[in-house]
Amino acid sequence: MLFDLLNAVRYLVPLRFQDLNYLSALLLIPVPILLAHVIPYLRDPYNQRSIRGPFLARFSDIWLGWVASQGHRSDVVHQLHNKYGTFVRLAPNHVSIADPDALQIVYAHGNGSLKSNFYDAFVSIHRGLFNTRDRADHARKRKIVSHVFSQKNVLEFEPSIRLYVGQFMNQWDRLFDEALKNQSGIEGEGGWFGKGGRLWLDCLPWYNYLAFDIIGDLAFGSPFGMILNAKDSAPVAISQKDVMNSYGSQNECAYVDIPAVQILNDRGEFSASMGALPPAWRPWVRLLPWYRKGGIAVKNLAGLAIAAVAKRFTTPTDRVDLLSKLQEGRDDEGNPMGREELTAEALTQLIAGSDTTSNSSCAITYYLAANPPVQHKLQKELDDALGSEDEYVSTYEQVKRLPYLEAVINEALRVHSTSSMGLPRIAPEGGLTIQDIHFPQGTVLSVPSYTIHRDTKVWGEDADVFRPERWFERDNATLQKAFNPFSYGPRACVGRNLASMELLIIISSILRRYQFVLADPGKVFDTREGFLRKPVECRVGIKRRE
Ligand code: HEM
């Protein structure tokens, strides 16, 4: 058939013999590729043929890799669950399960499932806690790191958090005063302007500056200075090898400033898309222009951690920060972490603890600005609780038990879902059974938080709507079982205590001082998803409360 075709081409277009050879070779290339995808589908080693999903996803991981690169993976997977039901096949060996009960089965302690090779695409320098897949290695690291994030230790970080929230509010106070003086509505440097008695700005970059300065200080002993400079900028080591070799002799290394928030976004999108592809393809896909840019982002981010750790070690300090606590940590054999492992771990904290918090803070602000009655109710709770106390920045003690504040934060974490996508795990020996379907050992399974957070059986018919009151109306145990912002089990967020404290202090302080409206209430809250689901922008009008 193929040769008939070639002969026909030759008849129509006079070709030389060697041209014909090239053409046959070209036409033959797709054959092994096709076979490599069709044969596994026909063999069906993971017993998944009965599970429905997009046609291309039955044969190849390309479909998921492509969807991930488009920035709306969780929305697409959610629509597929609406179409096909609880189980959706996302790749030849990957099933997404939209059932809150599956969270316990796939992610719980002791079930034996491990992170899939998706996480290899996130490795740089050295494996950190987040991307370590081996159980024993992970348990060793987790023992050291979880101690660092115990509630008792996290309370020691409160003064730093309050310091940067104070700097942040000083900046907004300054901009507000300037905006009141100039109500022309003409955008100045920094993209803000004054009009109608308000300051108008995109609050997302500001939350990024805040989160980066907090985590920069906690992880590396000094902030990046983004809030004070009102700029996305952090020093990165140009030659990482030199920096590692110099072992802290900062003078021998060259540093340049990079836009760290932007780099983190690029890296998240690159790794989340690359991770969806088979490992054998990854070195080749890296050569494509979009992926090459992501690869540079991974390198730059590593350089940022290397520079910050090198700086920290050349400037001895008796400050208590994450790095000093990681240095003190010991595994079961009494061994500390080596320098490279420490650097990778500090990088992990920087990545895991920065844009998670900033994007969540931004989403909470958006939903409050979009829902004035909720905002007023929250401000009343804050005024009643803190009215007579004139702290500029709230203390954790003041706000840790305010029920409406907690409901507002939880509701925004549910609706927005900063961690949205199903986190892929490999079924252990003996497989896993969910709703009577058995998934053999080796099957990749994931439970998408975005869809679980919209399950109408759990959250009610208005599950799509931001309504904190639902947290007081429905059975709390059922809600908590399906509320998955920090994931479950041995790989759940190790920084949850810190994240919760940060969000409580940030949101209570800012909402007590300012009142928000949306710049364009009719506009959809646009997001872009890499590993995290991030707002693209959040333009608000701000008024200082009397
Ligand atoms: C609102 C803020 C946050 C959210 C929504 C969040 C969410 C999550 C989620 C869903 C995971 C599981 C990821 C996976 O299994 O692939 C995770 C893991 C992790 N998080 Fe967070 N996180 C937040 C803040 C933080 C902070 C502030 C830190 C530390 C400074 C942190 C450190 C980590 C680390 C190290 C892991 C990996 C844990 C492991 O694999 O053992 N996170 N986080």
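Me: Let's start with Arg 467. Which side chain has a polar atom 2.7 Å from the backbone nitrogen of Arg 467?
Reply: That's Glu 411: a polar atom of its side chain lies 2.7 Å from the Arg 467 backbone nitrogen. Bear in mind that this is a predicted model.

Me: Good to know. Where is Glu 411 placed?
Reply: Glu 411 is in helix α20, which covers residues 403-416.

Me: And is Glu 411 buried or exposed?
Reply: Glu 411 counts as buried, because its relative accessibility is 0%.

Me: So what is Glu 411 in contact with, leaving aside neighbours within four places in sequence?
Reply: Its contacts are Val 465, Phe 466, Arg 467, Pro 468, Arg 470 and Trp 471.

Me: Switching topic to the ligand. What is the protein donor for its iron atom?
Reply: Cys 493 is the only one, and its SG sits 2.3 Å from the iron. Cys 493 belongs to the loop between α24 (476-482) and α25 (496-513).

Me: Which residues come nearest to the ligand?
Reply: There are 30 residues around the ligand, and the nearest of them are Tyr 119, His 138, Arg 142, Arg 425 and Cys 493.

Me: Which helix gives the most to the shell around the ligand?
Reply: That would be α17, with seven residues. Helices α7 (135-148), α17 (339-370) and α25 each supply at least two.

Me: What does the shell look like by class?
Reply: It has 15 nonpolar, 10 polar and five charged residues.

Me: OK, salt bridges next. How many does the structure hold?
Reply: The structure holds 27 salt bridges. One of them pairs Asp 75 with Arg 533, with the closest N and O atoms 3.8 Å apart. Asp 75 is in helix α5 (residues 73-84) and Arg 533 in strand β14 (residues 533-535), so this pair ties together parts that are 458 residues apart in sequence.

Me: Are Asp 75 and Arg 533 buried or exposed?
Reply: Asp 75 is buried, and Arg 533 is buried as well.

Me: What about Arg 544, which residue does it form a salt bridge with?
Reply: Its partner is Asp 177, and their closest N and O atoms are 2.8 Å apart. This pair also links distant parts of the chain, with Arg 544 in strand β15 (residues 539-544) and Asp 177 in helix α9 (residues 158-181), 367 residues apart. Arg 544 is partly exposed at 22% relative accessible area, and Asp 177 is partly exposed at 33%.

Me: And Lys 534, which side chain does it meet in a salt bridge?
Reply: Lys 534 meets Asp 355, at 2.5 Å from N to O. Strand β14 holds Lys 534 and helix α17 holds Asp 355, so to speak two distant parts of the chain, 179 residues apart. Lys 534 is buried, with a relative accessible area of 10%, and Asp 355 is buried at 5%.

Me: Nice. One more helix: how many of the eight residues of α4 are buried?
Reply: Six of them, which leaves α4 (residues 62-69) mostly covered. The buried ones are Trp 63, Leu 64, Gly 65, Val 67, Ala 68 and Ser 69.

Me: What do those buried residues of α4 pack against?
Reply: They pack against several elements, including α5, β1 (87-91), β2 (94-97) and α13 (260-274). Just after α4, Gly 71 takes a positive phi of about 90°.

Me: Last thing, the chain as a whole. How many helices and strands are there?
Reply: The chain has 25 helices and 15 strands. Of its 546 residues, 55% are buried. Among contacts with a separation of 6 or more, 72% are between residues 24 or more positions apart.

Definitions and conventions. Residues numbered from 1 in each chain as written. Predicted model: local features only at pLDDT ≥ 70, side-chain atom pairs only at ≥ 80, totals over all residues. Heavy atoms only, no water. Donors = N, O, S within 2.8 Å, 3.2 Å for Na, K, Ca; no water. Helix = DSSP H or I, 4+ residues; strand = E, 2+ residues; numbered from the N terminus. Near = heavy atom within 4 Å. Nonpolar A, V, L, I, M, F, W, Y, C, P; charged D, E, K, R; others polar. Salt bridge = Lys/Arg side-chain N within 4 Å of Asp/Glu carboxyl O. Buried < 20%, exposed > 50% of the residue type's maximum accessible area, 1.4 Å probe, protein only. Contact = heavy atoms within 4.5 Å. Polar contact = N/O pair within 3.5 Å; in protein donor to acceptor, adjacent residues only side chain to side chain.
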